[in-house]
Amino acid sequence: MADYAIKVSHVDKIYKLYDSNKARVADTLGIARKKNYREHFALHDMNLEVKKGECIGLIGTNGSGKSTILKIITGVLSPTAGQVEVDGRISALLELGAGFNQEYTGMENIYLNGTMLGYSREEIDARLDDILSFADIGEFVFQPVKTYSSGMFVRLAFAVAINIDPEILIVDEALSVGDVFFQAKCYRKFEEFKEAGKTILFVSHDLGAISKYCDRAVLINRGNKIAEGSPKDMIDIYKKILVGQETTGTDSIGEANNAVTAEWKNNYTINPNVNEYGDGRASIVDFAVIDDSGNYTNAIVKGSTFTVKSKVRFNTDIANPIFTMTFKTLKGIDVTGTNTMYEKVSVPLAKAGDIYVASFTQEMNLQGGDYLLSISCTGFEGDEFVAYHRLYDVIGITVVSTKNTVGYYDMNSEVSVEKL
(Lines give C-alpha, C1' and ligand atoms only; values in the text may rest on other atoms or scores of the structure.)
Protein backbone atom coordinates (compact mmCIF):
# COMPACT_ATOMS: atom_id res chain seq x y z
CA MET A 1 0.00 0.00 0.00
CA ALA A 2 3.04 2.31 0.13
CA ASP A 3 2.24 3.94 -3.22
CA TYR A 4 -1.52 3.47 -3.12
CA ALA A 5 -4.22 5.42 -1.32
CA ILE A 6 -7.02 2.96 -2.18
CA LYS A 7 -7.05 -0.70 -3.14
CA VAL A 8 -10.29 -2.52 -3.96
CA SER A 9 -9.80 -6.25 -4.50
CA HIS A 10 -12.45 -8.62 -5.93
CA VAL A 11 -15.35 -6.80 -4.26
CA ASP A 12 -18.92 -8.04 -4.68
CA LYS A 13 -22.02 -6.30 -3.37
CA ILE A 14 -25.13 -8.44 -3.51
CA TYR A 15 -28.63 -7.33 -2.56
CA LYS A 16 -31.44 -9.78 -1.87
CA LEU A 17 -34.64 -8.92 -3.74
CA TYR A 18 -37.81 -10.30 -2.18
CA ASP A 19 -41.26 -10.56 -3.73
CA SER A 20 -42.95 -9.63 -0.44
CA ASN A 21 -42.26 -8.37 3.07
CA LYS A 22 -43.37 -11.75 4.39
CA ALA A 23 -40.60 -13.45 2.45
CA ARG A 24 -38.09 -10.90 3.74
CA VAL A 25 -39.09 -11.49 7.37
CA ALA A 26 -38.99 -15.27 6.97
CA ASP A 27 -35.50 -15.13 5.53
CA THR A 28 -34.30 -12.70 8.21
CA LEU A 29 -35.60 -15.00 10.96
CA GLY A 30 -34.11 -18.06 9.28
CA ILE A 31 -37.45 -19.86 8.99
CA ALA A 32 -37.75 -19.86 5.20
CA ARG A 33 -38.04 -23.40 3.88
CA LYS A 34 -36.40 -22.50 0.59
CA LYS A 35 -34.55 -19.66 -1.06
CA ASN A 36 -37.21 -16.97 -1.41
CA TYR A 37 -35.24 -14.14 -2.95
CA ARG A 38 -33.34 -13.19 -6.08
CA GLU A 39 -29.75 -11.95 -5.92
CA HIS A 40 -28.85 -8.65 -7.52
CA PHE A 41 -25.16 -7.91 -8.05
CA ALA A 42 -24.70 -4.18 -7.54
CA LEU A 43 -20.96 -4.87 -7.91
CA HIS A 44 -19.26 -7.96 -9.28
CA ASP A 45 -15.56 -8.76 -8.85
CA MET A 46 -14.65 -5.07 -8.66
CA ASN A 47 -10.94 -4.23 -8.66
CA LEU A 48 -9.64 -0.68 -8.37
CA GLU A 49 -6.26 0.78 -7.44
CA VAL A 50 -5.80 4.50 -6.84
CA LYS A 51 -2.27 5.81 -6.42
CA LYS A 52 -1.53 8.55 -3.93
CA GLY A 53 -1.88 11.94 -5.59
CA GLU A 54 -4.07 10.70 -8.45
CA CYS A 55 -7.37 12.24 -9.49
CA ILE A 56 -9.62 9.42 -10.70
CA GLY A 57 -13.07 9.82 -12.25
CA LEU A 58 -15.75 7.11 -12.22
CA ILE A 59 -18.17 7.17 -15.14
CA GLY A 60 -21.10 4.97 -16.10
CA THR A 61 -24.85 4.95 -16.49
CA ASN A 62 -27.29 5.29 -13.59
CA GLY A 63 -27.37 2.06 -11.62
CA SER A 64 -23.94 0.95 -12.80
CA GLY A 65 -22.51 0.79 -9.26
CA LYS A 66 -20.49 4.03 -9.07
CA SER A 67 -22.08 5.31 -5.86
CA THR A 68 -22.02 1.82 -4.34
CA ILE A 69 -18.26 1.46 -4.69
CA LEU A 70 -17.72 4.93 -3.18
CA LYS A 71 -19.90 4.02 -0.19
CA ILE A 72 -17.93 0.81 0.32
CA ILE A 73 -14.61 2.66 0.16
CA THR A 74 -15.82 5.20 2.74
CA GLY A 75 -17.27 2.50 5.01
CA VAL A 76 -20.92 3.49 4.60
CA LEU A 77 -21.61 0.04 3.12
CA SER A 78 -19.92 -3.30 3.72
CA PRO A 79 -18.97 -5.49 0.77
CA THR A 80 -20.54 -8.93 0.42
CA ALA A 81 -17.15 -10.29 -0.61
CA GLY A 82 -13.69 -8.95 -1.31
CA GLN A 83 -11.41 -6.50 0.44
CA VAL A 84 -10.92 -2.73 0.59
CA GLU A 85 -7.74 -1.07 1.87
CA VAL A 86 -7.43 2.68 2.45
CA ASP A 87 -4.23 4.49 3.40
CA GLY A 88 -5.04 8.04 4.46
CA ARG A 89 -7.69 10.19 6.07
CA ILE A 90 -10.85 10.30 3.92
CA SER A 91 -13.26 13.19 3.56
CA ALA A 92 -16.34 12.25 1.57
CA LEU A 93 -19.21 14.18 0.06
CA LEU A 94 -21.72 11.54 -0.99
CA GLU A 95 -25.50 11.92 -1.08
CA LEU A 96 -26.80 15.37 -0.26
CA GLY A 97 -27.56 15.31 3.46
CA ALA A 98 -25.29 12.41 4.40
CA GLY A 99 -23.55 13.08 7.70
CA PHE A 100 -25.55 16.20 8.55
CA ASN A 101 -28.20 16.48 11.26
CA GLN A 102 -31.11 18.43 9.80
CA GLU A 103 -32.11 19.84 13.19
CA TYR A 104 -28.66 21.26 13.97
CA THR A 105 -27.43 24.62 12.76
CA GLY A 106 -24.77 24.85 10.09
CA MET A 107 -22.20 25.76 12.74
CA GLU A 108 -23.13 22.76 14.89
CA ASN A 109 -22.85 20.49 11.85
CA ILE A 110 -19.38 21.81 11.07
CA TYR A 111 -18.18 20.65 14.49
CA LEU A 112 -20.19 17.42 14.26
CA ASN A 113 -18.63 16.48 10.92
CA GLY A 114 -15.16 17.52 12.01
CA THR A 115 -15.44 15.37 15.12
CA MET A 116 -16.65 12.39 13.06
CA LEU A 117 -13.56 12.79 10.87
CA GLY A 118 -11.30 12.63 13.93
CA TYR A 119 -10.51 16.30 14.52
CA SER A 120 -10.46 17.97 17.91
CA ARG A 121 -12.44 21.12 18.59
CA GLU A 122 -9.19 23.10 18.56
CA GLU A 123 -8.30 21.75 15.12
CA ILE A 124 -11.76 22.62 13.79
CA ASP A 125 -11.48 26.11 15.31
CA ALA A 126 -8.25 26.61 13.38
CA ARG A 127 -10.02 25.78 10.10
CA LEU A 128 -13.33 27.51 10.82
CA ASP A 129 -12.57 30.78 9.01
CA ASP A 130 -11.57 28.91 5.85
CA ILE A 131 -14.74 26.79 6.01
CA LEU A 132 -17.04 29.79 6.47
CA SER A 133 -15.28 31.79 3.77
CA PHE A 134 -15.51 28.93 1.27
CA ALA A 135 -19.19 28.18 2.02
CA ASP A 136 -20.11 31.90 1.84
CA ILE A 137 -23.64 31.43 3.25
CA GLY A 138 -23.47 34.34 5.71
CA GLU A 139 -25.70 34.32 8.78
CA PHE A 140 -27.46 31.17 7.60
CA VAL A 141 -24.65 29.20 9.23
CA PHE A 142 -26.47 29.86 12.52
CA GLN A 143 -29.79 28.47 11.22
CA PRO A 144 -30.90 24.80 11.16
CA VAL A 145 -29.75 23.15 7.94
CA LYS A 146 -33.31 21.92 7.31
CA THR A 147 -34.07 25.53 6.29
CA TYR A 148 -31.28 25.58 3.66
CA SER A 149 -31.75 25.42 -0.08
CA SER A 150 -29.94 22.53 -1.76
CA GLY A 151 -27.36 25.01 -3.09
CA MET A 152 -26.60 26.39 0.39
CA PHE A 153 -26.43 22.89 1.79
CA VAL A 154 -23.87 21.66 -0.73
CA ARG A 155 -21.81 24.82 -0.22
CA LEU A 156 -21.48 24.10 3.47
CA ALA A 157 -20.99 20.35 3.06
CA PHE A 158 -18.27 20.80 0.46
CA ALA A 159 -16.61 23.57 2.45
CA VAL A 160 -16.33 21.23 5.43
CA ALA A 161 -15.15 18.28 3.32
CA ILE A 162 -12.44 20.17 1.50
CA ASN A 163 -11.09 22.46 4.24
CA ILE A 164 -10.33 19.90 6.93
CA ASP A 165 -7.18 18.93 5.03
CA PRO A 166 -8.00 15.31 4.10
CA GLU A 167 -5.50 13.07 2.34
CA ILE A 168 -8.25 11.52 0.20
CA LEU A 169 -11.29 13.43 -1.10
CA ILE A 170 -14.29 11.49 -2.42
CA VAL A 171 -17.15 13.33 -4.14
CA ASP A 172 -20.30 11.79 -5.64
CA GLU A 173 -22.13 14.16 -8.03
CA ALA A 174 -22.78 16.66 -5.24
CA LEU A 175 -21.27 19.56 -7.19
CA SER A 176 -24.10 19.41 -9.72
CA VAL A 177 -26.31 21.10 -7.10
CA GLY A 178 -24.21 24.24 -6.67
CA ASP A 179 -24.28 27.23 -9.02
CA VAL A 180 -21.68 27.60 -11.76
CA PHE A 181 -19.54 30.05 -9.78
CA PHE A 182 -19.39 27.77 -6.77
CA GLN A 183 -18.54 24.83 -9.03
CA ALA A 184 -15.68 26.86 -10.50
CA LYS A 185 -14.39 27.57 -6.98
CA CYS A 186 -14.60 23.86 -6.12
CA TYR A 187 -12.65 22.86 -9.21
CA ARG A 188 -9.97 25.44 -8.39
CA LYS A 189 -9.72 23.70 -5.03
CA PHE A 190 -9.37 20.40 -6.88
CA GLU A 191 -6.36 21.86 -8.68
CA GLU A 192 -4.84 22.93 -5.36
CA PHE A 193 -5.40 19.44 -3.98
CA LYS A 194 -3.69 17.85 -6.98
CA GLU A 195 -0.73 20.21 -6.70
CA ALA A 196 -0.45 19.32 -2.99
CA GLY A 197 -0.31 15.61 -3.85
CA LYS A 198 -3.74 14.76 -2.43
CA THR A 199 -5.89 11.93 -3.83
CA ILE A 200 -9.28 12.65 -5.42
CA LEU A 201 -11.93 10.12 -6.45
CA PHE A 202 -15.15 11.48 -7.88
CA VAL A 203 -18.26 10.59 -9.85
CA SER A 204 -19.75 13.02 -12.35
CA HIS A 205 -22.02 13.06 -15.41
CA ASP A 206 -20.06 16.11 -16.53
CA LEU A 207 -17.64 14.38 -18.87
CA GLY A 208 -15.92 17.69 -19.52
CA ALA A 209 -14.87 17.82 -15.85
CA ILE A 210 -13.72 14.18 -16.00
CA SER A 211 -11.63 14.94 -19.07
CA LYS A 212 -10.13 18.15 -17.67
CA TYR A 213 -9.30 17.20 -14.09
CA CYS A 214 -8.74 13.45 -14.01
CA ASP A 215 -5.49 11.59 -14.57
CA ARG A 216 -7.44 8.42 -15.27
CA ALA A 217 -11.06 7.39 -15.68
CA VAL A 218 -12.70 4.10 -14.73
CA LEU A 219 -15.75 2.95 -16.69
CA ILE A 220 -18.34 0.89 -14.79
CA ASN A 221 -21.42 -0.71 -16.30
CA ARG A 222 -24.00 -2.90 -14.54
CA GLY A 223 -21.73 -3.55 -11.59
CA ASN A 224 -18.68 -4.52 -13.62
CA LYS A 225 -15.53 -2.56 -14.35
CA ILE A 226 -15.42 -2.40 -18.14
CA ALA A 227 -12.12 -0.58 -18.61
CA GLU A 228 -9.79 2.06 -17.22
CA GLY A 229 -7.39 4.43 -18.91
CA SER A 230 -7.15 7.97 -20.18
CA PRO A 231 -10.32 10.05 -19.75
CA LYS A 232 -10.64 10.52 -23.52
CA ASP A 233 -10.45 6.79 -24.25
CA MET A 234 -12.93 5.92 -21.50
CA ILE A 235 -15.39 8.60 -22.61
CA ASP A 236 -15.25 7.23 -26.17
CA ILE A 237 -16.05 3.71 -24.91
CA TYR A 238 -18.79 5.10 -22.64
CA LYS A 239 -20.51 6.73 -25.61
CA LYS A 240 -20.48 3.41 -27.45
CA ILE A 241 -22.12 1.75 -24.42
CA LEU A 242 -24.80 4.44 -24.41
CA VAL A 243 -25.61 3.75 -28.04
CA GLY A 244 -26.40 0.11 -27.21
CA GLN A 245 -27.77 0.66 -23.70
CA GLU A 246 -30.96 -1.23 -22.86
CA THR A 247 -31.46 -2.29 -26.47
CA THR A 248 -33.81 -5.23 -26.84
CA GLY A 249 -33.18 -5.71 -30.51
CA THR A 250 -32.10 -3.91 -33.65
CA ASP A 251 -35.34 -2.00 -34.12
CA SER A 252 -34.97 1.34 -35.81
CA ILE A 253 -37.40 4.10 -35.03
CA GLY A 254 -39.45 3.10 -38.03
CA GLU A 255 -39.47 -0.54 -36.97
CA ALA A 256 -40.43 0.47 -33.45
CA ASN A 257 -43.49 2.16 -34.91
CA ASN A 258 -44.56 -1.15 -36.43
CA ALA A 259 -44.01 -3.27 -33.31
CA VAL A 260 -47.34 -4.59 -32.04
CA THR A 261 -46.35 -7.08 -29.35
CA ALA A 262 -43.36 -5.75 -27.41
CA GLU A 263 -44.10 -2.83 -25.10
CA TRP A 264 -41.57 -0.03 -25.35
CA LYS A 265 -41.92 0.90 -21.69
CA ASN A 266 -40.55 -2.49 -20.63
CA ASN A 267 -37.11 -1.17 -21.59
CA TYR A 268 -37.17 1.34 -18.72
CA THR A 269 -37.26 1.48 -14.95
CA ILE A 270 -40.57 3.16 -14.16
CA ASN A 271 -40.65 5.62 -11.27
CA PRO A 272 -42.50 3.79 -8.45
CA ASN A 273 -43.77 7.19 -7.29
CA VAL A 274 -45.00 8.34 -10.69
CA ASN A 275 -47.77 10.91 -10.36
CA GLU A 276 -50.54 9.39 -12.50
CA TYR A 277 -54.01 10.82 -12.90
CA GLY A 278 -56.73 11.75 -15.41
CA ASP A 279 -60.41 11.20 -16.11
CA GLY A 280 -59.74 7.96 -18.03
CA ARG A 281 -61.25 8.92 -21.37
CA ALA A 282 -57.82 8.34 -22.91
CA SER A 283 -54.97 6.12 -21.71
CA ILE A 284 -51.23 6.32 -22.31
CA VAL A 285 -50.58 2.65 -23.02
CA ASP A 286 -46.91 2.88 -23.97
CA PHE A 287 -43.99 5.29 -24.30
CA ALA A 288 -40.33 5.36 -25.26
CA VAL A 289 -37.22 7.50 -25.54
CA ILE A 290 -35.20 6.60 -28.62
CA ASP A 291 -31.71 7.81 -29.48
CA ASP A 292 -30.32 8.75 -32.89
CA SER A 293 -29.27 5.14 -33.52
CA GLY A 294 -32.81 3.85 -32.96
CA ASN A 295 -32.16 2.35 -29.52
CA TYR A 296 -34.46 2.52 -26.50
CA THR A 297 -32.50 4.43 -23.85
CA ASN A 298 -32.76 6.80 -20.92
CA ALA A 299 -29.26 8.24 -21.48
CA ILE A 300 -28.89 10.83 -24.22
CA VAL A 301 -25.59 12.33 -25.38
CA LYS A 302 -25.75 16.12 -25.36
CA GLY A 303 -25.91 17.48 -28.91
CA SER A 304 -27.47 14.32 -30.35
CA THR A 305 -30.97 13.93 -31.74
CA PHE A 306 -33.56 11.90 -29.83
CA THR A 307 -37.28 11.13 -29.90
CA VAL A 308 -39.90 10.92 -27.16
CA LYS A 309 -42.86 8.75 -28.16
CA SER A 310 -46.18 8.25 -26.42
CA LYS A 311 -48.87 5.80 -27.52
CA VAL A 312 -52.42 6.77 -26.51
CA ARG A 313 -55.62 4.73 -26.76
CA PHE A 314 -58.87 6.71 -26.79
CA ASN A 315 -61.75 5.24 -24.80
CA THR A 316 -64.34 7.78 -25.99
CA ASP A 317 -64.55 10.23 -28.89
CA ILE A 318 -62.34 13.26 -28.12
CA ALA A 319 -62.02 16.34 -30.30
CA ASN A 320 -58.62 18.01 -30.64
CA PRO A 321 -56.61 16.01 -28.08
CA ILE A 322 -53.25 17.46 -27.07
CA PHE A 323 -50.14 15.29 -26.60
CA THR A 324 -47.41 16.69 -24.32
CA MET A 325 -43.92 16.02 -22.99
CA THR A 326 -41.94 17.91 -20.32
CA PHE A 327 -38.50 17.68 -18.74
CA LYS A 328 -38.03 18.59 -15.06
CA THR A 329 -35.06 18.80 -12.73
CA LEU A 330 -34.90 16.33 -9.85
CA LYS A 331 -36.19 19.17 -7.66
CA GLY A 332 -39.35 19.41 -9.77
CA ILE A 333 -38.57 22.55 -11.76
CA ASP A 334 -39.95 22.54 -15.31
CA VAL A 335 -36.97 23.04 -17.62
CA THR A 336 -38.47 22.62 -21.06
CA GLY A 337 -41.28 20.89 -22.89
CA THR A 338 -43.77 21.21 -25.68
CA ASN A 339 -47.06 19.83 -26.95
CA THR A 340 -48.91 19.27 -30.20
CA MET A 341 -50.94 22.46 -29.75
CA TYR A 342 -47.79 24.61 -29.51
CA GLU A 343 -46.28 22.77 -32.47
CA LYS A 344 -49.50 23.15 -34.50
CA VAL A 345 -49.87 19.41 -35.09
CA SER A 346 -53.55 18.57 -34.58
CA VAL A 347 -55.82 15.55 -34.45
CA PRO A 348 -59.30 16.97 -35.16
CA LEU A 349 -61.15 13.95 -33.79
CA ALA A 350 -59.90 10.80 -32.07
CA LYS A 351 -62.66 8.18 -32.01
CA ALA A 352 -63.21 5.56 -29.33
CA GLY A 353 -60.85 2.66 -29.94
CA ASP A 354 -58.36 4.71 -31.95
CA ILE A 355 -54.67 4.50 -31.03
CA TYR A 356 -52.33 7.37 -31.85
CA VAL A 357 -48.54 7.67 -31.45
CA ALA A 358 -47.12 11.13 -30.82
CA SER A 359 -43.41 11.53 -31.63
CA PHE A 360 -41.36 14.52 -30.46
CA THR A 361 -37.96 14.64 -32.15
CA GLN A 362 -35.36 17.27 -31.18
CA GLU A 363 -31.70 17.92 -30.39
CA MET A 364 -30.64 17.42 -26.77
CA ASN A 365 -29.29 20.77 -25.57
CA LEU A 366 -29.85 20.37 -21.83
CA GLN A 367 -26.79 20.47 -19.59
CA GLY A 368 -25.32 17.17 -18.48
CA GLY A 369 -27.14 15.69 -15.48
CA ASP A 370 -30.31 13.90 -14.41
CA TYR A 371 -33.86 14.91 -15.31
CA LEU A 372 -37.41 13.54 -15.07
CA LEU A 373 -39.68 13.03 -18.08
CA SER A 374 -43.44 13.67 -17.94
CA ILE A 375 -45.95 12.85 -20.69
CA SER A 376 -49.68 13.41 -20.97
CA CYS A 377 -52.77 13.57 -23.11
CA THR A 378 -54.96 16.60 -22.41
CA GLY A 379 -57.37 18.93 -24.16
CA PHE A 380 -59.94 21.70 -23.92
CA GLU A 381 -63.69 21.27 -23.77
CA GLY A 382 -65.01 24.73 -24.35
CA ASP A 383 -62.90 26.93 -22.06
CA GLU A 384 -62.28 24.10 -19.60
CA PHE A 385 -58.88 22.37 -19.55
CA VAL A 386 -59.17 18.58 -19.17
CA ALA A 387 -56.48 16.02 -18.27
CA TYR A 388 -57.38 12.68 -19.85
CA HIS A 389 -54.22 10.88 -18.67
CA ARG A 390 -50.98 12.18 -17.20
CA LEU A 391 -47.78 10.40 -16.19
CA TYR A 392 -45.68 12.94 -14.30
CA ASP A 393 -42.02 12.04 -13.64
CA VAL A 394 -42.51 8.63 -15.20
CA ILE A 395 -38.83 7.86 -15.94
CA GLY A 396 -35.43 9.40 -15.32
CA ILE A 397 -33.33 10.75 -18.18
CA THR A 398 -29.57 11.20 -17.98
CA VAL A 399 -27.88 13.73 -20.27
CA VAL A 400 -24.23 12.87 -20.86
CA SER A 401 -22.11 15.91 -21.65
CA THR A 402 -18.48 16.77 -22.39
CA LYS A 403 -19.21 20.52 -22.12
CA ASN A 404 -21.58 22.28 -19.74
CA THR A 405 -22.36 25.99 -19.76
CA VAL A 406 -24.36 28.24 -17.43
CA GLY A 407 -27.99 27.42 -16.63
CA TYR A 408 -30.18 24.54 -17.79
CA TYR A 409 -29.52 24.48 -21.52
CA ASP A 410 -26.73 25.28 -23.96
CA MET A 411 -27.17 28.20 -26.37
CA ASN A 412 -24.61 26.56 -28.69
CA SER A 413 -22.85 29.85 -29.22
CA GLU A 414 -20.29 30.25 -31.98
CA VAL A 415 -17.44 32.06 -30.24
CA SER A 416 -14.49 33.95 -31.68
CA VAL A 417 -11.82 36.10 -30.08
CA GLU A 418 -9.78 38.57 -32.11
CA LYS A 419 -6.78 40.62 -31.18
CA LEU A 420 -7.18 44.24 -32.26
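The tour begins with the whole chain and then visits some charged pairs.

**Before you click**

This is a predicted model, in which local features need pLDDT of at least 70 and side-chain atom pairs count only at pLDDT 80 or more, while totals for chains, interfaces and linings use all residues. Residues are numbered from 1 along each chain as its sequence is written, and side-chain values use heavy atoms, with hydrogens and water left out.

**Stop 1: the whole protein**

You are looking at nine helices and 20 strands (DSSP runs numbered from the N terminus: H or I of at least four residues for helices, E of at least two for strands). The radius of gyration is 24 Å, close to the 22 Å from the globule rule for 420 residues, so the protein is as compact as a globular protein of that length. Here the radius is taken over C-alpha atoms, and the rule is 2.2 Å times the number of residues to the power 0.38. Turn the model around: its C-alpha trace spans about 75 × 75 × 45 Å along the principal axes.

Now show the surface. Of the 420 residues, 46% are buried (under 20% relative accessible area; exposed is over 50%, partly exposed in between, with a 1.4 Å probe and protein chains only).

**Stop 2: Glu103 and Lys146**

A search of the whole structure finds 15 salt bridges (a side-chain nitrogen of Lys or Arg within 4 Å of a carboxyl oxygen of Asp or Glu). Select Glu103 and Lys146, which form one with their closest N and O atoms 3.0 Å apart. Glu103 sits in the loop between strand 5 (90-93) and helix 3 (106-116), and Lys146 in the loop between helix 4 (121-135) and helix 5 (150-163), so the pair ties together parts 43 residues apart in sequence. Glu103 is exposed at 53%, and Lys146 is partly exposed at 48%.

**Stop 3: Asp410 and Lys403**

Next, select Asp410 and Lys403, whose side chains meet in a salt bridge (3.0 Å, N to O). Is Asp410 buried or exposed? Asp410 is buried, with 5% relative accessibility, whereas Lys403 is partly exposed at 44%.

**Last stop: a network**

Finally, select Glu54, Arg216, Lys225 and Glu228 together: salt bridges that share partners join these residues into one network.
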